[in-house]
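Colleague: Hi! Could you walk me through this one? I'm new to looking at structures.

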Amino acid sequence: MLKRPDGHNEANILLSLLPDDVRHDVMSVCRPVKLNLGDMLISAGAPIERVFFPSSGIASIVVVSRSGRKTEAGLVGKEGFVPTGALAGAQTNLTEIVVQAPGEALFVERGSFDALRARHRIFSDILVCAVHASRTQVECTASSNATQSVTERLARWLLMCHDRVHGDCLRLTHDFLSTMLAVRRASVTDALHVLESHGFIRSERGRITIRNRETLEIYAHDLYGLPEEENNRMLAHFLREYRSDVALGDLTAS
């Protein structure tokens with residue numbers, strides 16, 4: 001499970017862990033934005049003009065083939081930022097980034113983002129941690145897509161969503177799940193029935209409730225836990241290096 005240091009429960013974790021002077025500089029150029037379900041933060045092939053730091057909600061990173069077929073490659077919540085290509089200096093985004101669960105975010109115009117990176121090495125360093133954790137998630141997603149059943153993939157995906165929302169209720173339609181998992185709607189329905197029959201979830205129209213997270217994690221196997229542990233490890237390392245004044249809380253530092 002993704003974990004957070006003590007006292008940073010309602011903000012983007014990357015921004016909240018910056019030293020006060022750096023955070024104030026960053027916040028001075030940030031602007032708030034509502035994340036509504038289905039909002040397109042940036043389309044495939046569009047120039048990267050803004051960088052988003054979610055404080056709640058979930059953004060999906062969706063690969064769009066030349067034929068128009070869509071597959072989710074990763075998802076980001078309050079632990080990260082999008083699009084990550086901005087950190088490498090990319091001018092164009094290659095994926096769709098769409099809001100999967102509503103919430104709020106801060107955004108920074110691209111010019112201000114680049115200036116902040118040049119001015120504050122610590123800002124760039126924590127973004128590198130986030131990119132590494134995101135890459136690990138994408139690698140595990142590729143392995144999951146190749147080796148796991150639709151039901152196991154769905155279990156992993158629901159756990160990842162559960163990490164990034166408040167409460168146990170996920171507002172998701174079968175059509176949306178079908179797009180994210182790149183399978184037929186009927187396959188999603190069958191997979192939900194299996195998970196519900198085991199008592200892991202309760203599935204209702206447009207809503208899925210997590211009932212037994214512990215057993216759902218077991219069902220999803222170890223492809224769920226690896227990127228989450230790596231995210232926690234990277235944040236713990238950052239805190240040891242730069243923020244000894246911040247309590248590690250229950251972050252895993254292994």
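Modeller: Happy to! Keep in mind that this is a predicted model. Let's begin with the second largest pocket, whose lining divides into eight nonpolar, four polar and two charged residues.

Colleague: Nice. What volume does the second largest pocket have, and which residues lie nearest its centre?

Modeller: Its volume is about 230 Å³. Of the 14 residues lining the second largest pocket, Ala101, Pro102, Val165, His166 and Cys169 lie nearest the centre. Strand S6 (96-101) and strand S8 (169-170) are the elements that give two or more residues to this lining.

Colleague: And the largest pocket, what's its volume?

Modeller: That one comes to about 310 Å³. It is lined by 18 residues, and the closest to its centre are Ile61, Thr84, Gly85, Asn93 and Thr95.

Colleague: Which element gives the most to that lining?

Modeller: Helix H4 does, with four residues. By class, the lining of the largest pocket has 11 nonpolar, six polar and one charged residues.

Colleague: Switching topic: at what angle do H4 and H5 cross?

Modeller: The axes of H4 (residues 121-147) and H5 (residues 150-163) cross at roughly 155° and come within 10 Å. Angles over 145 degrees count as roughly antiparallel, so that is how H4 and H5 run relative to each other.

Colleague: Is the crossing left-handed or right-handed? And which residues make the contact?

Modeller: The crossing is left-handed. H4 brings Gln137, Cys140, Thr141, Ser144 and Asn145, while H5 brings Arg153, Arg156 and Met160. The contact residues divide into two nonpolar, four polar and two charged.

Methods:
Residues numbered from 1 in each chain as written. Predicted model: local features only at pLDDT ≥ 70, side-chain atom pairs only at ≥ 80, totals over all residues. Heavy atoms only, no water. Axes fitted to C-alpha atoms, helices over the stretch in contact; angles between N-to-C directions. Parallel < 35°, antiparallel > 145°, perpendicular 65-115°, else oblique. Left-handed = near helix turned anticlockwise from the far one by under 90°. Contact = heavy atoms within 4.5 Å. Nonpolar A, V, L, I, M, F, W, Y, C, P; charged D, E, K, R; others polar. 1 Å grid on protein atoms, 1.4 Å probe; cavity = no way out; pocket = protein on both sides within 12 Å on 5 of 7 lines; lining within 4 Å. Points joined across faces, edges and corners; volume = space filled by probe spheres on them.
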